[in-house]
Amino acid sequence: MKEDFLACLERIRPYARYTPIMESGQIENFLGNDLYFKCENFQRAGAFKMRGAANAILQLTEDQRAKGVITHSSGNFAQALALAAKYLGVKCYIVMPKDAPDVKRNAVMAYGGEIIDCIATLESRERICNQVIEDTGATFIHASNNIDVIMGQGTAAMELLEAYPDLDVIITPVGGGGLIAGTALAAKAFGKDTIEVIGGEPLEADDAYRSLMSGQIECNETTDTIADGLRTQLGDITFPIIKDHVSKIIRVRENEIISSMRLIWERMKIVVEPSSAVALAVLIKERPSFAGKKVGIILSGGNVDLNNLPFE
């Protein structure tokens, strides 16, 4: 596994940035932990998903690349796949809901992606995606439930552990599970034997928490959360990895997410999206259980609408 990650990182190095690892004395003093923030908000396309997108395309054959790639997404993976495809000279199709925010649609188009409209249901996304695949021969790349995507996402934790190999815990947000699954595999390969990987999830979209409790993939009963990047659910590739290698999922409330997002802005002077702030919200909520531990937090992205902040 270690060799696989090393090869993956070398493969994507020309396309995905090495993002900074930041510290905050004020937040550390407040919580009583040594904290290391892996700032994927500074990643190309504004989120960690550039890593997995690039790796997935690079693992395709020349014939597959010649026919293009496709995904259905209204968020960060749409932008990441479009940009990675642009760098690699590959045609990219994005099936996107008609009501997706203009800022996201504009970013995909700026990166050279071709948008095909759908309505905002999974059935519509999949049906239109399958039609484009039939018409073009493009290869479908799932935003999270793809082992090449998972390995790419795990390189963020790999870089964190190369710098701080004695971390006790790494906390990541959980949506479709690609980031936390990759993080868990990287922690197993590069972390110490006792390292824990913990996920953070909104209470309003807690399918991963319930899946870990029940031992089978559960669906979201609601997605009414400000953390829009975490409204997706686990897949049959991400879930078994999470079940085997993630210690637990901790749920946080909307006000806790917003408070953490604001704290990062105020104390670290950086902008992260609500989904990113979930990881710090977990640490704040469960302070006693992390007492004295060295904690890595993956700030997953910074694609936030500055005209629609959840605080003043």
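**Figure 1. Helix α9 gives the most to the lining of the second largest pocket, with three residues.** The model shown is predicted. Two elements each give two or more residues to its lining, namely α9 (178-190) and β8 (196-202). The lining is made up of A184, A187, K188, G191, K192, D193, I195, E196, V197, H245 and S247. Sorted by class, these residues are four nonpolar, three polar and four charged.

**Figure 2. Helix α9 packs against α11.** Two packed helices are described by the angle between their axes and the distance between the axes. Here the axes of α9 and α11 (residues 238-245) come within 9 Å and cross at roughly 45 degrees. Because angles from 65 to 115 degrees count as roughly perpendicular and those under 35 as roughly parallel, α9 and α11 are oblique to each other. The handedness of the crossing is left-handed.

**Figure 3. Helix α9 packs against α8.** The axes of α8 (residues 147-163) and α9 lie 7 Å apart, at an angle of about 50 degrees. The pair α8 and α9 is therefore oblique as well. The crossing of α8 and α9 is right-handed, whereas α9 passes α11 in a left-handed crossing.

**Figure 4. Helix α1 crosses α9.** The axes of α1 (residues 2-12) and α9 come within 9 Å, and the crossing angle is roughly 120 degrees. That angle makes α1 oblique to α9, because roughly antiparallel requires an angle over 145 degrees and roughly perpendicular ends at 115. The crossing of α1 past α9 is left-handed.

**Figure 5. A45 has a positive phi in a loop.** Most residues other than glycine have a negative phi. A45 is a residue other than glycine, and its phi is near 65 degrees. The loop that holds A45 runs between β2 (34-39) and α3 (49-58). A45 has a relative accessible area of 9%, and since buried means under 20%, A45 is buried.

**Figure 6. K269 is a non-glycine residue with a positive phi.** The phi of K269 is about 65 degrees. K269 sits in the loop between α12 (254-268) and α13 (274-285). Its relative accessibility is 66%, and because exposed means over 50%, K269 counts as exposed. A45, by contrast, is buried.

**Figure 7. R51 is a buried arginine in helix α3.** The relative accessibility of R51 is 0%, so R51 counts as buried. R51 and R11 are separated by 40 residues in sequence, while their C-alpha atoms are 10.0 Å apart in space.

**Figure 8. A281 is buried in helix α13.** A281 belongs to α13, and its relative accessible area is 2%. This value is under 20%, so A281 is buried. A281 and A291 are 10 residues apart in sequence, and the distance between them in space is 15 Å, C-alpha to C-alpha.

Methods:
Residues are numbered from 1 along each chain as its sequence is written. This is a predicted model: local features need pLDDT of at least 70, side-chain atom pairs count only at pLDDT 80 or more; totals for chains, interfaces and linings use all residues. Side-chain values use heavy atoms; hydrogens and water are left out. On a 1 Å grid over the protein atoms alone, a cavity is a set of points where a 1.4 Å probe fits but cannot get out, and a pocket is an open set with protein on both sides within 12 Å along at least five of seven lines; lining residues have an atom within 4 Å of a point. Helices (H or I, at least four residues) and strands (E, at least two) are DSSP runs, numbered from the N terminus. Ala, Val, Leu, Ile, Met, Phe, Trp, Tyr, Cys and Pro count as nonpolar, Asp, Glu, Lys and Arg as charged, and the others, Gly among them, as polar. Buried means under 20% relative accessible area, exposed over 50%, partly exposed in between (1.4 Å probe, protein chains only). Axes are lines fitted to C-alpha atoms, for helices over the stretch in contact, and angles run from 0 to 180 degrees between N-to-C directions. A crossing is left-handed if the near helix is turned anticlockwise from the far one by less than a right angle, and right-handed if clockwise.
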